[in-house]
Amino acid sequence: LRMRNPRSLSRWLSWWLVVLASLGLGLVCSIVYVGASLNFSNKQTDELRHKRDIVRHLVGEIATRDALPSLRHKLDDFFVGHANLELRLIQGSDAPLYATPARSSPGAILRRDEFEISVPWSPTTMLRAELMLDSSADALLLEQLAWTLLASALGGAAAISVGGAWLVRRALLPVRDLARQAAALSPESVGQPLDGSAQAQELQPLVTQFNALLVRLNRAYQQLEGFNADVAHELRTPLATLIGETELALSRQRDVAELRDVLGSNLEDLQLLAGLVNDMLFLSRADRGERARRHRVDSLAELVSEVIEFHEASMQEAGVTARLCGDGMGTVDAGLVRRALSNLLANATRFAERGSVIEVDIKQDTDGRICLSVSNTGPVIPPEHLPRLFDRFYRVDGAREHRDHNHGLGLAIVAAIARMHGGATFVRSAAGTTSVGLAMCGCSQMEVAPHDR
């Protein structure tokens, strides 16, 4: 039975409960009626057979034709009190030797039993007997039984439908209670779980999953609020600087050199703002499900070497060096991978101890999964901060802030690039070493042919 877009679950259940109850009661009543009819038929057959045996016995007791009056007398005595039976005894084509008076009314339902009886006084002659049983009383009883069963079936179906409708409405009260609780939720109370203590056992999984969804929504709502505050904070500082410097420059007459310096300083702040906006737009596209544009890369080590070479100046200034381990190949978006590695290297360079070595590790599984990780020696990140390390604008503490060049979206972009490659990020921080990286699926649904060599 398939339900197709019912307008009301209670009406749908009530309707099919009526149908099933009617079918069930109808089947039971039909079985009762058929059973009664067969029982009456068998009883009539047995009665006719019993009366036939008695008639045979009475005829067999007559030795001569002169004893026929005695036979008629015995048959008359036998049929006293059997108003529903009639008998005719006929010898050849002569008139009947015996016939009971007609007792059945016009239109009566008669069951006939015709048989032959040997005549004791004439071995070569056979009597033809017609035994008739009036079954009108049984037919009337069956008719009354049929109407009684029909009325019982209809009344039972009606009672079951009314009781079923009440039970369905009663059973759906917890669902209405859940609907009221859900309707009472607001952005301020989205984290408040539904009360499922009074719900039926079948609804407990639904309540549990819905409460888990509310927890995720509450977390997302809090992140959104925090994101809005962080965006406003990140934009406020450079905008305030731009406004202040511009107002100061316009407060009195300036020569060309001084105005050039102001414009150059404003340009740096504007470039920071442009970078922040571009990063936010990139994260927005990644959140909408944009996928990486994959191309075959025969050596990931070459790609990583390019990124390390680009960061040599900043690493030399920080007093650290980089070491590359491993290699791999696959179909990835080389530009996005460079951007992710650049963010990871910049992050490791900022927090690595002076004189230490930053290790860039490339690992590839047999199924083509690629893992890129960047490890640095430095302060250990407390465990409670690790799950949120890839959140937007998230910073562990003030000591790790470099707001002049970093606005807190670097690791969030790494996580977005990992998702665009069908992978995820990971972080480990213990024993003075912090490793941050991303795991990617190194093959696309449609492999790109290797470059001609």
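Helix α1, residues 9-60, lies across β1, β3 and β4 and runs at about 25° to β3. Contact here means heavy atoms within 4.5 Å. Angles run from 0 to 180 degrees between N-to-C directions, with axes fitted to C-alpha atoms, for helices over the stretch in contact. Helices (H or I, at least four residues) and strands (E, at least two) are DSSP runs, numbered from the N terminus.

A word on the source. This is a predicted model, where local features need pLDDT of at least 70 and side-chain atom pairs count only at pLDDT 80 or more, while totals for chains, interfaces and linings use all residues. Residues are numbered from 1 along each chain as its sequence is written, and side-chain values use heavy atoms, with hydrogens and water left out.

Four strands form an open, antiparallel sheet in the order β2-β1-β4-β3. Two strands count as paired if DSSP finds at least two bridges between them. At the edges are β2 (98-99) and β3 (110-119), each pairing on one side only. Strand β1, residues 85-91, is joined to β4, residues 122-134, by seven bridges, and the two run antiparallel. Within that pair, I90 stands opposite R128 of β4.

Now the other sheet. This one is also open, with five strands in the order β6-β8-β9-β11-β10, and its pairing is mixed. Why is one side of β6 and of β10 left without a neighbour in the sheet? Because β6 (321-325) and β10 stand at the edges, each with a single partner strand. From one strand to the next, the twist averages 15°.

With β9 the pairing is antiparallel over nine bridges, and L372 has L438 of β11 as its bridge partner. With β10, residues 424-430, the pairing is antiparallel over seven bridges. Here T425 stands opposite L438, and S429 stands opposite T434. The hairpin of β10 and β11 has two residues between the strands, and A431 takes a positive phi near 55° there.

Is β11 mostly covered or mostly open? Mostly covered: seven of its nine residues are buried, where buried means under 20% relative accessible area, exposed over 50%, and partly exposed in between, with a 1.4 Å probe and protein chains only.

Next, the core. A nonpolar core is a set of buried Ala, Val, Leu, Ile, Met, Phe, Trp, Tyr and Cys residues joined through side-chain atoms within 4.5 Å. The largest has 49 residues, and F282, L341, L372, V374 and L438 touch the most other members. At least two residues each come from α6 (256-287), α7 (300-310), α9, β8 (357-364), β9 (369-377), α10 and β11 (433-441). Helix α10 gives the largest share, nine residues.

Finally, the helix pair. Which helices pack at an angle of about 150°? They are α9 (residues 334-351) and α10 (residues 410-420), with axes 9 Å apart. The contact is made by residues including L336, R339 and L344 of α9 and L411, V414 and M420 of α10. By class, there are eight nonpolar, two polar and one charged residues. For these classes, Ala, Val, Leu, Ile, Met, Phe, Trp, Tyr, Cys and Pro count as nonpolar, Asp, Glu, Lys and Arg as charged, and the others, Gly among them, as polar.
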